[in-house]
Amino acid sequence: MSRSIISQYLKQVDNRWQLTIEQLSLVITTWYPDLQIKIWSSMGYEILGWGQTTYRLSSGKVNQWFILGLADHKRYCSLYVGGWENQQSLIERYQSKLGRVKIGKACINFSSLDDLDLEGLKLLIDRAVRLS
């Protein structure tokens, strides 16, 4: 099932990012075979997402969102990882373990799978999954 969703997602991915997205998708799916995978739509593009979590906005509205999300962009790929601990995003907490990447509060931007430190990434994702 997850391979068919990944294949469906890859059909709309820019050719230069297809191999990177496919490889990282298979790594994540191997690490977390029990996380449901689906395609989410947000901010005008589609994101390949694993798992589901609930969070509350400051307005009080409750949203459902993925725990991990992977998307291609024009100049890079983004891996979105949810989770906060002690008022700091998990990505910020694990930044030094992630490799040669650019980070935001909830995303890791990279140009190649070689830029990511997969051991550090696994630690980050493990924590995010446990907190969800």
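Predicted model: local features only at pLDDT ≥ 70, side-chain atom pairs only at ≥ 80, totals over all residues.
Residues are numbered from 1 along each chain as its sequence is written, and side-chain values rest on heavy atoms, with hydrogens and water left out.

The model contains an open sheet of six strands in the order 1-2-5-6-10-9, with antiparallel pairing; strands (E, at least two residues) and helices (H or I, at least four residues) are DSSP runs numbered from the N terminus, and two strands are taken to pair if DSSP finds at least two bridges between them. The edges are formed by strand 1 (37-42) and strand 9 (102-103), each of which pairs on one side only. Strands of a sheet pair through backbone hydrogen bonds, in either the parallel or the antiparallel sense. Strand 2 (residues 45-50) and strand 5 (residues 68-72) are antiparallel and share three bridges, with Leu 48 having Leu 70 of strand 5 as its bridge partner. Leu 70 is in turn bridged to Leu 79 of strand 6, within an antiparallel pairing of strand 5 and strand 6 over five bridges, and a hairpin of four residues joins these two strands. On the other pairing of strand 6, four bridges connect it to strand 10 in the antiparallel sense, and Tyr 80 has Cys 107 of strand 10 as its bridge partner.

Strand 6 is mostly covered, five of its five residues being buried, where buried denotes under 20% relative accessible area, exposed over 50% and partly exposed the range in between (1.4 Å probe, protein chains only). In a regular strand the side chains alternate between the two faces of the sheet. In strand 6 both faces are covered, with Cys 77, Leu 79 and Val 81 buried on one side and Ser 78 and Tyr 80 buried on the other.

Asn 109, which lies in strand 10 (residues 107-110), counts as buried because its relative accessible area is 12%. Its side chain makes a polar contact of 2.5 Å with the side chain of Ser 78, a polar contact being a pair of N or O atoms within 3.5 Å of which, within protein, one must be able to donate a hydrogen and the other to accept it, and for which residues adjacent in sequence count only if both atoms are side-chain atoms. When neighbours within four places in sequence are left aside, Asn 109 is in contact (heavy atoms within 4.5 Å) with Tyr 76, Cys 77, Ser 78, Val 101 and Lys 102.

Leu 124, in helix 4, is likewise classed as buried because its relative accessibility is 0%. Not counting residues up to four places away in sequence, Leu 124 touches Val 81, Leu 90, Ile 91, Tyr 94, Leu 98 and Ile 108. The C-alpha atoms of Leu 124 and Asn 86, which are 38 residues apart along the chain, are separated by 15 Å.

The lining of the largest pocket comprises 18 residues, of which Tyr 55, Trp 65, Gly 82, Gly 83 and Trp 84 lie nearest its centre. Two or more lining residues come from each of strand 3 (53-56), strand 6 (77-81) and helix 4 (118-131), and strand 3 gives the most, with three residues. A pocket is defined on a 1 Å grid over the protein atoms alone, as an open set of points where a 1.4 Å probe fits, with protein on both sides within 12 Å along at least five of seven lines, and lining residues have an atom within 4 Å of a point.
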